[in-house]
Every structure is written in C-alpha cells, then in structure tokens.
Amino acid sequence: MLGYLLNLFKSLNSNSHPGEIAHGVALGVIMGMVPKDNALWYILFVLFFFIRINKAVYLLVTLGVSLCVAPLDMMLDTIGYEVLMFEPAVPVYRTLLDIPFVAFTKFNNTVVMGSLVAGLILYIPVYILSRLMVKLWRVVIAPKITASKLWVGIKKLPLVEKIISKSQQISGVIKR
C-alpha cells in the first residue's frame, strides 16, 4: 500500500501525463461503484490494466470509492431499475441472458446496472476535474508545500528521514 501511495505522489509531481492520472481516477470511480461480486467487475478490472493509465491512482481510487459508495445503493438501484425497464432495450437484455456465461456478469441486477451507468455518466466530469486538479497540484500547491518551513522541518525529523529512505528503497524495488 505504501508503494502505491508513493507512486501516486511521484506521478503527481513527475512528468507523467495528466491524462493518464485523470483516466486512472475516472476508471477507478467506475470500478469503485460497481459491486464486486460479479464477473463484470473482474472483467473490467483486468481490462483496465491493459489501458495506459496510472495504475496506482486507479487502485487507490477504486478502493476509496468502494468504501464510500454504500450509502448510494438506493439511488443506484433506482437508476438500474429504470435502465433495465426501458422498454426498447428489454429484448436485448433477454437475448444477452440467453448467451452462456453472460448471466455471470449480473448485468440484470439493478444495483450493478445502476452503478455501471452512473459510473459511465460520471466518467467525463471526473476526468476533467481530475485533470484540472493535477494541473493545480503541479503548478500551485506542490511548490508552496515544498517551499514551506513546515515541510523542511518535517523532512529533518529522524523518523521522517527513515520513512523517506525506506520509501525510496521500496520504489526502487517496484520499478525493477
């Protein structure tokens, strides 16, 4: 977990393309919203690893959203019900259910469908907001933090020096 956090801060401060980080955040939101007990989640999870995104951000956002999405289940259930009861699409859903193994995706579950649709709707706004936040971090926030006397003082603490040196060792092992 420490390695993922270190990779997150390195990517925020390095020459990583802001779009890779923003896509990682947006895809993490989708994956965090979809329930984890179906084949659809596992298929998407693996598929997104083949896309050029920041994997550390993707995993951390997936975990964070997963921990926060439970109170939204009633709303996601309502969205999923409306999507699944959309009359012109019902024959398509019936056909999909007749295909072997498609039922394992549980796309016909109202919460699964609602969370997938909500995540897809949120993708573009989350991407744009994340990209703006990365730019804001790199241009405004990070330089102020690193130049502050508080940060310089914190870095001189023996415990913090040990954590920084261990994290550099860990990140060296992760890169190999």
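Trainee: At what N to O distance do the side chains of Asp37 and Lys106 meet, and what kind of pairing is it?

Mentor: Side chains of opposite charge can pair when their charged atoms come close. A salt bridge is defined here as a side-chain nitrogen of Lys or Arg within 4 Å of a carboxyl oxygen of Asp or Glu. Asp37 and Lys106 meet in such a salt bridge at 3.7 Å, N to O. The pair links distant parts of the chain, with Asp37 in the loop between H2 and H3 and Lys106 in the loop between helix H6 (90–98) and H7, 69 residues apart. Helices (H or I, at least four residues) are DSSP runs, numbered from the N terminus.

Trainee: What should I keep in mind about the origin of these values?

Mentor: This is a predicted model, in which local features need pLDDT of at least 70 and side-chain atom pairs count only at pLDDT 80 or more, while totals for chains, interfaces and linings use all residues. Residues are numbered from 1 along each chain as its sequence is written, and side-chain values use heavy atoms, with hydrogens and water left out.

Trainee: Are Asp37 and Lys106 buried, partly exposed or exposed?

Mentor: Buried means under 20% relative accessible area, exposed means over 50%, and partly exposed lies in between (1.4 Å probe, protein chains only). Asp37 is exposed, because its relative accessible area is 51%, whereas Lys106, at 33%, counts as partly exposed.

Trainee: How many salt bridges does the structure hold?

Mentor: The structure holds two salt bridges. Besides the pair already described, Arg52 forms one with Glu20, the closest N and O atoms being 2.9 Å apart. This pair also links distant parts of the chain, since Arg52 is in the loop between H3 and H4 and Glu20 is in helix H2, 32 residues apart. Arg52 is exposed, with a relative accessible area of 68%.

Trainee: Which residues touch the most other members of the largest nonpolar core?

Mentor: A nonpolar core is a set of buried Ala, Val, Leu, Ile, Met, Phe, Trp, Tyr and Cys residues joined through side-chain atoms within 4.5 Å. Of the 28 residues in the largest one, Leu27 and Met33 touch the most other members. Helix H2 (18–33), H3, H4 and H7 each supply at least two residues of this core, and the largest share, nine residues, comes from H2.

Trainee: Which residues does Met33 touch?

Mentor: With contact meaning heavy atoms within 4.5 Å, and not counting residues up to four places away in sequence, Met33 touches Val65, Val69, Leu76, Ser115, Ala118, Gly119 and Leu122.
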